[in-house]
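This briefing covers the overall make-up of one protein chain and then the surroundings of selected residues. Please read it alongside the sequence and the model shown here.

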Amino acid sequence: MLRNVLLLSSSGLLLFSKEFVNAAAQPRMLGSVLVAMLEKAKQSTGLQLTYMEFATTGVTIVGNETRTLFCVLFHDKADGEVFGKLLATEILSAFLHSYQNDLTRSV
């Protein structure tokens, strides 16, 4: 079950947030923390952080290199990493398609 969908810029700015059931608290504050975690993981390992799993929650992160945007999806752990990646990829793709003109102007 989905909990939250966040779309973040590479600076941690929250561009979009949608809360569902049992949502994560204060998604605006999570943006900068998640981007800092992504940067630290990239510096430390050279790899992009894509999935985190907690007691009951899975967090899937999908990035777009050219636009430096991230979709962060909070979902039940039982949904699994692959399903989370599929949803996050489709949400990010739809967001980029819908707002491509606005994103091009801001670059």
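Helices (H or I, at least four residues) and strands (E, at least two) are DSSP runs, numbered from the N terminus. On that basis, threonine 57 lies in strand S4, which covers residues 57-64. The model is a predicted one, in which local features need pLDDT of at least 70, side-chain atom pairs count only at pLDDT 80 or more, and totals for chains, interfaces and linings use all residues. Residues are numbered from 1 along each chain as its sequence is written, and side-chain values use heavy atoms, with hydrogens and water left out.

**Overall make-up**

- The protein chain has three helices and five strands, and their order along the sequence is β-β-α-β-β-β-α-α.
- The radius of gyration of the protein chain is 13 Å, which agrees with the value near 13 Å for a compact globule of 107 residues. This radius is taken over C-alpha atoms, and the globule rule is 2.2 Å times the number of residues to the power 0.38.
- Along the principal axes, the C-alpha atoms of the protein chain fill a box of roughly 40 × 30 × 25 Å.

- Of the 107 residues in the protein chain, 36% are buried. Buried means under 20% relative accessible area, exposed over 50%, and partly exposed in between (1.4 Å probe, protein chains only).
- The accessible surface of the protein chain is about 6,600 Å², and carbon and sulfur atoms hold 58% of that surface. Accessible areas come from the Shrake-Rupley method with a 1.4 Å probe; for residues, only the protein chains shown count as cover.
- Among contacts in the protein chain with a separation of 6 or more, 42% join residues 24 or more positions apart. Contact means heavy atoms within 4.5 Å.

- Threonine 57 counts as buried because its relative accessibility is 15%.
- The side chain of threonine 57 makes a polar contact with the side chain of arginine 3 at 3.5 Å. A polar contact is a pair of N or O atoms within 3.5 Å; within protein, one must be able to donate a hydrogen and the other to accept it, and residues adjacent in sequence count only if both atoms are side-chain atoms.
- Not counting residues up to four places away in sequence, threonine 57 touches Arg3, Met52, Phe74, His75 and Lys77.
- Threonine 57 and leucine 30 are 27 residues apart along the chain, and their C-alpha atoms are separated by 15 Å.
- Histidine 75 lies in strand S5 (residues 69-76) and, at 1% relative accessibility, counts as buried.
- Beyond four places in sequence, the residues that histidine 75 touches include Met1, Leu2, Arg3, Tyr51, Thr57 and Gly84.

**Helix H2**

- Alanine 88 is placed in helix H2 (residues 81-98) and counts as buried, with 0% relative accessibility.
- From alanine 88 to valine 62 the C-alpha distance is 6.1 Å, although the two are 26 residues apart in sequence.
- Leaving out residues up to four places away in sequence, alanine 88 touches Thr60, Val62, Cys71 and Leu73.
- Lysine 85 is also in helix H2, but this residue is exposed, with a relative accessible area of 53%.
- With residues up to four places away in sequence not counted, lysine 85 touches Thr60 and Val62.

**The loop between S1 and S2**

- Serine 10 sits in the loop between strand S1 (2-9) and strand S2 (14-19). Its relative accessible area is 34%, so serine 10 is partly exposed.
- Aside from neighbours within four places in sequence, serine 10 is in contact with Val35, Glu39, Thr68 and Phe70.
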